[in-house]
Amino acid sequence: MKIGLIGAGSIGAIHARAYRELGIEVAAVADLQEAAVKAKPEFANVRYYADYRQLLADPWIDAVDICVINRLHFEVIQAAVSAGKHIFCEKTMTDNIGHSTELLGLLRDYPKNFQVGYMKRFFPATQKAKELIDSAGEIFTTYIRSYQAFENHDPYSQDTWKPKGGQMSQIKHFASGGMLNMAGSHMLDVMHHLVGKARSVYATNWVPEIYDAELTSNALFKMENGSTVHFEAALSPYSRAGLRQDGWDEKIEINGKNGRLEIFYVIWDQPMNHAPMIRFYSQKEKIQTDYTFPKVNAFALELDSFLKDCMAGRKSVPGVKEGFAVDQVIDACYRSAASERAVELAGK
Ligand SMILES: NC(=O)c1ccc[n+]([C@@H]2O[C@H](COP(=O)([O-])OP(=O)(O)OC[C@H]3O[C@@H](n4cnc5c(N)ncnc54)[C@H](O)[C@@H]3O)[C@@H](O)[C@H]2O)c1
C-alpha cells in the first residue's frame, strides 16, 4: 500500500512515525508549507506536493491519510472519494453536521475503505473494557471526565484561545470549537462504543467573554438504553492531576447493576509511553480488580487496522457512521447550549 499524507503538521508527523513503526514509509505528502515540511525528519525524502489535489491525482498512491484541520476534512474527503482512494481521516470527521450527513450518503456504497481517527478504541484497555462491560450488567449511570491541563500555563489566559484583530482564535480555527471538539470528541466516541447512542442531550458550554471557543462543556445525555451519561470536557488548571499526574485527567466510569467499570486514559500524544488502566468492581464478588496493560502506540494500531482492512476489502470501524455519531452529538451539544434547552438526536 502506498500512503499519501495530506497535512504534515503535528499529527501528520505522529502518523508518519506510526507508519514507520509498522515498517512503512509514507510515499507522498501534501502540505502548503514546503520548507516546514521538508525540515521535519519524517518527511525529508518524501515526494512533496503543495496542492493535495496533485497528490490525489498521483496513481501511485493507494490510500490517503487526512491530517489537515477539521474545517478542511469535508472538502478533502470529497476529493479523495472522487479520486477513488482508501481514506483515513483524523477526527472530527467534519465540523458541520450538514457535511457529516452528506458523507453518510457519499460513503454508504463507496467501494474503498474509510476510517475516522478515534484511536482510543485501539488501546488494549478499551478492548478489555468492551469484553468486561456485560459483566457490569444493566447500565444505569456513566460519568465521563476529560480534563486537559497545559504544563506551566494558566489555561484561562492562553492567547491561542482568544480572537485577535477580528480573526477567530487559533484554537477555533484549528478545532472549529473548543474542548468538545478536541479531547471531548474522543470520549464521546468511547461513550458510543461502550455505552451506546444518545437519545437526547442538555448541555452547557462555558465561553468567557474574551474567548470564542468553549473552555468547558458539560452535558447530560439520556441514552437509547435508558441510562444517563454525565459528560464534562474542560481545559483544566490542574497540571499534576490524572492517572500519571501529568495533567491528563480523563476517565469514564460506567455503573451497572452488577458492577462498575472505570477506564483511566493517558496523555494523547505519548501513547507509547503510558498505558491506560481499568478498574472493575464486581458486586457479586465484592472485589475491586485493577487491570494494567502494555504501553502501545494506539496511532500505530489504528493505522495498522486501517491498512489491513483496505487489503482485505473490509470496512473499518470507526467508519463514517461512528464519525457521524460523534459529529451529531457535538452539534446537539452546541445547539442545546445556545438554546438552553434539551435537544433530541434523530436516529441515523
Ligand atoms: N487523534 C488525536 O488524538 C488528534 C490529536 C491532535 C490533532 N488531531 C487532529 O489532526 C488534525 C490536524 O491537527 P494538527 O494538530 O496536526 O494540526 P496542524 O495545524 O499542526 O497541522 C495541519 C497541517 O495542515 C497543513 N494544511 C493546511 N491547509 C492545507 C491544505 N489546504 N492542503 C494541505 N495541507 C494543508 C498545514 O500547513 C499544517 O502543516 C485535526 O483534524 C485534529 O483534530 C487528532
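Predicted model: local features only at pLDDT ≥ 70, side-chain atom pairs only at ≥ 80, totals over all residues.
Strand 1 (residues 3–6) is paired with strand 2 and with strand 4. The pairing of strand 1 with strand 2 (residues 28–30) is parallel and comprises three bridges, and within it G4 has A28 of strand 2 as its bridge partner. Strand 1 is joined to strand 4 (residues 63–66) by four bridges, and these two strands also run parallel. In this pairing, A63 of strand 4 is the bridge partner of I3. The side chains of strand 1 fall into two sets: I3 and L5 point one way from the strand, while G4 and I6 point the other way. Residues of both sets are buried.

Two helix pairs were examined. Packed helices are described by the angle between their axes and the distance between the axes. In the pair formed by helix 1 (residues 10–21) and helix 9 (residues 298–312), the axes lie 9 Å apart and the packing angle is about 70 degrees. Because angles of 65 to 115 degrees count as roughly perpendicular, helix 1 is roughly perpendicular to helix 9. The crossing of helix 1 past helix 9 is right-handed. Helix 1 contributes I14, H15, A18, Y19 and E21 to the contact, and helix 9 contributes F299, A300 and L303. Divided by class, the residues of this contact between helix 1 and helix 9 are six nonpolar, one polar and one charged.

In the second pair, helix 5 (residues 97–108) and helix 10 (residues 320–339) cross at roughly 165 degrees, and their axes come within 9 Å. The cut-off for a roughly antiparallel arrangement is an angle over 145 degrees, and helix 5 and helix 10 are therefore roughly antiparallel to each other. Helix 5 passes helix 10 in a crossing that is left-handed. On the side of helix 5 the contact involves I97, S100, L103, L104 and L107, and on the side of helix 10 it involves V320, G323, F324, D327, Q328 and D331. The contact of helix 5 with helix 10 holds six nonpolar, three polar and two charged residues.

Two cis peptide bonds were examined in loops next to these helices. The bond that joins K91 and T92 is cis, with omega about -5 degrees. T92 belongs to the loop between strand 5 and helix 5. A cis peptide bond also leads from V317 to P318, where omega is near 5 degrees. P318 is located in the loop between helix 9 and helix 10.

Positive phi values were found at Q245 and at E340. Q245, which is not a glycine, has a phi of about 55 degrees. Q245 is part of the loop between strand 10 (228–236) and strand 11 (248–256). With 11 other C-beta atoms within 10 Å, Q245 is exposed, the cut-off for this class being 12 or fewer. E340, likewise a residue other than glycine, has phi near 55 degrees. E340 is situated in the loop between helix 10 and strand 15 (343–344). E340 is exposed because 9 other C-beta atoms lie within 10 Å.

A further loop residue, I210, is found between strand 8 (198–206) and strand 9 (216–223). I210 counts as exposed, since it has 11 C-beta neighbours inside 10 Å. A distance of 45 Å separates the C-alpha atoms of I210 and E131, and these residues are 79 residues apart along the chain.

Note on methods: Residues numbered from 1 in each chain as written. Axes fitted to C-alpha atoms, helices over the stretch in contact; angles between N-to-C directions. Parallel < 35°, antiparallel > 145°, perpendicular 65-115°, else oblique. Left-handed = near helix turned anticlockwise from the far one by under 90°. Contact = placed C-beta atoms within 7 Å. Nonpolar A, V, L, I, M, F, W, Y, C, P; charged D, E, K, R; others polar. Buried ≥ 20, exposed ≤ 12 C-beta atoms within 10 Å, placed from the backbone. Pairing = 2+ DSSP bridges.
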